[in-house]
Structure formats: C-alpha cells, structure tokens
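Hi,

Here is the structure I promised to pass on. Have a look at it first, and then read on for what turned up.

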Amino acid sequence: YLDWLRAYVKSESIQAIVPSEGFYMAVRSEYDAWSRYFPDAVSAEIAYRCLSKCSIAQFFADSPDEQLRRFLPLSIVVTRQKGLTPGELADLPYPVVIKTDAFWDTRPARKGKVSVAPSAQALQALIDASLATHEMCLIQEMVPGCKATLTVVVHKGEVIVENMKYAAHEN
C-alpha cells in the first residue's frame with residue numbers, strides 16, 4: 001500500500017492529506033515521512049495515543065493532575081506483562097466493560113472490540129481472549145446516565161472548531 005501511495009501522491013502532486021484513523025494506521029511505520037502532508041501534524045506519540053482508548057486511559061492514570069482524573073470512571077489498563085490478581089478481579093464493580101482497540105492489535109487486520117463482563121470469571125476469560133490478539137486492553141466500570149463528548153480542531157495553537165454534545169450511555 002505504501003509504495004502505491006507514494007507513487008500516487010507524487011503523480012497527482014498531492015500537497016496535503018487530511019488523515020483518517022485508517023490512514024494513520026496504514027502509515028504508522030512511516031509516520032514522520034507522511035506527517036509533513038498533514039495540516040497541523042502532531043508528534044507520532046500524540047497522534048497514536050489519541051487513537052487508542054488504552055493509551056489515553058493510561059496517560060490520564062499516570063498524570064499528576066487530579067482534575068484530569070476527577071470525573072473519569074474506574075479505568076484499568078491490563079497488559080500481557082501486567083494482569084489483575086484474583087483479589088483485584090473480585091473487587092471490581094460488576095458488570096464492567098472491557099475494550100480493545102486497533103492500535104494494540106497484533107493481527108494484520110487490526111480491530112477493536114467492546115464487551116461486557118458480568119463477573120470476575122467472565123472478565124478473566126475476556127482478558128485472556130483479548131490479550132491473545134492485543135498487547136493491552138482496558139477495563140472500565142459501567143456508569144449510568146449521560147456522557148459529554150468534546151471534539152476540537154486546533155490550528156496554529158487556536159481552537160477553530162469545537163463540538164460538544166451529551167449522549168445517553170452505558171459506559
């Protein structure tokens with residue numbers, strides 16, 4: 001794909017690309033070379049963190065900023081190297097949601113998935129299945145009510161598009 005893309009960009013004199021998630025994933029191995037085409041490109045670290053629920057949850061959990069974590073649901077990132085103990089599994093507020101994302105999928109056809117675990121036994125089975133195909137997964141408590149979402153577009157350090165909305169949600 002990348003050989004074809006390079007030839008196409010050259011033959012059509014393409015000067016800018018507005019990347020989708022799929023495009024980011026396709027050029028992941030050559031991000032620095034392709035990011036020059038992206039308006040307001042950010043570092044690969046930031047771009048790919050934003051494409052991963054697991055990475056964002058870990059980033060928030062590691063932040064010293066209490067305000068950042070204050071209103072977030074319980075979120076635990078589980079990796080192939082760091083699982084949950086039987087006690088930690090038992091203490092979770094069931095049902096919980098387990099999520100994987102395309103970024104951490106080790107298969108060529110990268111995909112994410114969301115499942116609900118009603119019990120510790122069900123969660124452990126879902127963790128095992130998730131980590132068979134993904135380097136990490138995210139476990140979150142169920143939160144009834146509404147969620148607020150915010151999307152912003154920043155150009156030259158200034159917010160030029162802002163979209164906020166509320167939505168009913170189970171997690």
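Start with Val27: leaving aside residues up to four places away in sequence, Val27 touches Leu2, Leu5, Trp34, Phe38 and Tyr48. Bear in mind that this is a predicted model.

Val27 also shows up when you look at the nonpolar cores. The largest one has 22 residues, and Val27, Trp34, Phe38 and Tyr48 are those with the most contacts inside it. Who supplies this core? At least two residues each come from helices H1 (2-11), H2 (21-26), H3 (31-34), H4 (44-49) and H5 (53-62), and also from strand S4 (136-141). As a general background point, nonpolar side chains in soluble globular proteins tend to be buried together.

Now for the sheet. It is open and has 4 strands, in the order S1-S4-S2-S3, with antiparallel pairing. Which strands stand at the edges? Those are S1 (75-79) and S3 (113-117); each has a single partner strand, so one side of each is left without a neighbour in the sheet. From one strand to the next, the twist averages 25 degrees.

If you zoom in on S1 and S4, you will find 5 bridges joining this antiparallel pair.

Cheers

Terms used: Residues numbered from 1 in each chain as written. Predicted model: local features only at pLDDT ≥ 70, side-chain atom pairs only at ≥ 80, totals over all residues. Heavy atoms only, no water. Core = buried A, V, L, I, M, F, W, Y, C linked by side-chain atoms within 4.5 Å. Buried < 20%, exposed > 50% of the residue type's maximum accessible area, 1.4 Å probe, protein only. Contact = heavy atoms within 4.5 Å. Pairing = 2+ DSSP bridges. Axes fitted to C-alpha atoms, helices over the stretch in contact; angles between N-to-C directions.
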